[in-house]
Amino acid sequence: MPNIFGDGRIYSILLIALLAIGQAIAAGAVAFATRDIFATFSLEVKSLPVTSLLMFAVAGIIIALLKIVERVIAENVGQNYVAALRSILFSHLSHLSPSSFANKRLGPLTIRFVGDLNAVRSWISAGIARSIALTIILPGAFIVLVLLNHQIATVVVLPIIGSLILIAIFAPGMDRLHRELRKRRGRLSADMTERIPIALQLKLLGRGEKEFNRLNQNSSLLRRAAVARVKRYSVLRAIPDIGISLSGCLLLAMALTTNATTGEAAAALAIIGIIAIPLRDVCGIWNRYAAW
């Protein structure tokens with residue numbers, strides 16, 4: 001396997017980390033701007049908080065732009081790595097004798113160059129990049145919450161930590177489900193690749209019904225494997241949503257029972273919305289890692 005950080009990819013990955021830091025800073029600016037905007041509602045003489053409104057708008061635009069750049073760079077890194085891996089695979093295969101392919105089926109070999117490499121690209125481009133962003137944005141968002149109101153931050157963090165623990169418990173089974181799905185796809189691909197060119201001959205030999213039943217059986221096994229993987233992944237994706245909902249509920253309860261201002265509560269809700277994105281990404285990151 002090529003070195004993930006080789007051939008200059010380390011610089012692109014470091015740039016992705018810097019972009020993630022920029023997003024965390026902009027998210028903090030959004031939270032504080034939200035607090036200041038809502039604080040004006042409680043003033044007897046209301047004035048338009050132009051600076052805070054501008055900060056809110058500019059920070060939101062910056063986050064959107066940084067995400068675009070991050071995704072483009074991450075995709076470029078993934079494609080670069082896959083190209084290097086594809087060259088190594090092709091070079092390895094070119095040194096094998098014809099007899100080495102005698103017992104190999106074309107279907108699974110095709111999966112290697114298409115499905116498997118796509119899983120590799122997905123992990124390098126999205127998995128690693130989002131892991132970097134996650135490790136920066138989540139702590140940064142918690143720091144902003146503490147600066148806003150440490151009491152609110154305390155109750156918000158509990159459901160989020162609980163969500164991460166549940167994800168860590170349920171996530172490890174994803175690799176087994178990916179492996180099963182990959183095996184079923186390879187088997188079906190091999191059968192179709194080998195039998196389509198001789199479908200008429202098989203029918204004339206009286207094996208049409210047998211091959212049809214075989215195809216249905218393999219399709220059914222593939223369907224079960226695909227549904228099992230999606231079911232586990234859907235459960236994982238639901239955990240962060242539940243955690244964020246509980247965090248929001250506890251946040252509002254704490255704000256109502258303490259001396260928290262309306263601005264602090266609104267800013268904290270904005271931060272929770274920002275936290276929700278990388279928290280959901282945890283599931284996608286693990287799914288890509290399991291496929292890798």
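This is a predicted model: local features need pLDDT of at least 70, side-chain atom pairs count only at pLDDT 80 or more; totals for chains, interfaces and linings use all residues.
**View 1. Helix α1 packs against helix α8.**
Helix α1 covers residues 9-39, and helix α8 covers residues 262-291. Their axes lie 7 Å apart, at an angle of about 150 degrees. Angles over 145 degrees count as roughly antiparallel, so α1 is roughly antiparallel to α8. The crossing of α1 past α8 is right-handed.

**View 2. Residues of α1 and α8 meet in a contact.**
On the α1 side are Ala-27, Ala-31, Thr-34, Arg-35, Phe-38 and Ala-39. On the α8 side are Thr-262, Gly-263, Glu-264, Ala-266, Ala-267, Ala-270, Ile-271 and Ile-274. Sorted by class, this contact of α1 with α8 holds 9 nonpolar, 3 polar and 2 charged residues.

**View 3. Helix α8 has a kink.**
The kink in α8 is about 25 degrees and is centred on Val-282. From first C-alpha to last, the 30 residues of α8 reach 45 Å. That is close to the 44 Å expected at 1.5 Å a residue.

**View 4. Helix α1 also packs against helix α2.**
Helix α2 covers residues 50-94. The axes of α1 and α2 are 8 Å apart, and the helices pack at an angle of about 160 degrees. α1 and α2 are therefore roughly antiparallel to each other. Here α1 passes α2 in a left-handed crossing. By class, the α1 contact with α2 includes 23 nonpolar, 7 polar and 4 charged residues.

Key. Residues are numbered from 1 along each chain as its sequence is written. Side-chain values use heavy atoms; hydrogens and water are left out. Axes are lines fitted to C-alpha atoms, for helices over the stretch in contact, and angles run from 0 to 180 degrees between N-to-C directions. Helices (H or I, at least four residues) and strands (E, at least two) are DSSP runs, numbered from the N terminus. Angles under 35 degrees count as roughly parallel, over 145 as roughly antiparallel, 65 to 115 as roughly perpendicular and the rest as oblique. A crossing is left-handed if the near helix is turned anticlockwise from the far one by less than a right angle, and right-handed if clockwise. Contact means heavy atoms within 4.5 Å. Ala, Val, Leu, Ile, Met, Phe, Trp, Tyr, Cys and Pro count as nonpolar, Asp, Glu, Lys and Arg as charged, and the others, Gly among them, as polar. The expected span of a helix is 1.5 Å times one less than its number of residues. The bend at a residue is the angle between axes fitted to the seven residues ending there and the seven starting there.
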